[in-house]
Amino acid sequence: MIEVENLEAGYGETPVLREVSLRLAANETVAVIGANGAGKSTLVAALCGLLPVRAGRIVHLGTDVTRLPAYKRVRRGIGVVLEGRHVFGPMTARQHLALGSLGAREGEKRFGVDDVLALFPFLGERLDDRVELMSGGEQQMVALGRALLLQPQLLILDEPSTGLSPLVVKQIMGTIGALRARGMGILLVEQNVALAAEVADRAYVLSVGRVVHEVHKGEWAGFLADDSLVNTYLGG
């Protein structure tokens, strides 16, 4: 579904990502894990077109999208929920979902408002509430619903657990499982390694802007038990 080859990106004169390569197949959930400052959010910005790439390439469904602007990547089926949710406080949940529908890619409509409400039942009673009056967990679900109405084939989630209660995190992880069951590819960028291990098939470990390790399916227990790896690359 997406292949990243020798990607390099940064801010101003400061390089952040160095020769990053990864791949994600359809119906697969892949995590990118690493400590603060590893370059995870920079990778997300490069993948969704918010940060120019200095070298390397990004291929989505066989097409090179490295130089495409963000909105064209969305219309090709790449959706993203950025860290911090990026919702508009004075707007209602209904208006947020309408924004997602307006920006949707052309072609098959796999998600409608009814699908979003089935995933997040609380929204059915709060569609006309301003988002600024909602909890952080509820705002995260609004952001997820908005992204789903873009009709993505690939959904990138940047630190979806940050600042949320364990109960809400569990709900979001359940949502990831439900989306995967519907055939969606998911790239989960997450500092919470134990959480990523619950839902991801594979993981790439990012450290100082480089992929330094890959955890394959069935290797999670061994990886988490290896104190030298965890302490070196994830800060314990």
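These legends describe close-up views of a predicted model.

**View 1. Strand β8 is an enclosed strand.** β8 covers residues 185-190. Six of its six residues are buried, so the strand is largely enclosed by the rest of the structure. G185, L187 and V189 point one way from β8. I186, L188 and E190 point the other way. Residues on both sides are buried, E190 included.

**View 2. β8 pairs with β3 and with β7.** Strand β3 spans residues 29-33. Five bridges join β3 to β8, and the two run parallel. In this pairing, I33 has E190 of β8 as its bridge partner. Strand β7 spans residues 154-158. Five bridges also join β7 to β8, again in parallel. Here I156 is bridged to L187 of β8.

**View 3. A right-handed β-α-β unit contains β7, α6 and β8.** G183 follows α6 and has a positive phi, near 95°.

**View 4. The buried residues of α6 line one face of the helix.** These residues are V168, V169, I172, M173, T175, I176 and L179. Seen down the axis of α6, they fall within an arc of 150°, so they line one face. An α-helix has 3.6 residues a turn, so residues three or four places apart point the same way. On the other side of α6, P166, L167, K170 and A181 are exposed.

**View 5. Strands and helices cover the buried residues of α6.** The cover includes strands β3, β7 and β8. It also includes helices α4 (113-119), α5 (136-148) and α7 (193-199).

**View 6. W220 and F223 form an aromatic pair.** The count of aromatic pairs comes to one. The W220 and F223 rings lie 6.4 Å apart, centre to centre. Their planes are at 85°. The pair is edge-to-face because the angle is over 60 degrees. Both residues lie in helix α8, residues 220-225. They are three residues apart, about one turn of the helix. Both W220 and F223 are buried.

Methods: Residues numbered from 1 in each chain as written. Predicted model: local features only at pLDDT ≥ 70, side-chain atom pairs only at ≥ 80, totals over all residues. Heavy atoms only, no water. Buried < 20%, exposed > 50% of the residue type's maximum accessible area, 1.4 Å probe, protein only. Helix = DSSP H or I, 4+ residues; strand = E, 2+ residues; numbered from the N terminus. Pairing = 2+ DSSP bridges. Right-handed = clockwise from strand over helix to strand, strands pointing away. Arc of directions from axis to C-beta. Contact = heavy atoms within 4.5 Å. Phe/Tyr/Trp six-rings, centres within 6.5 Å; stacked < 30°, edge-to-face > 60°.
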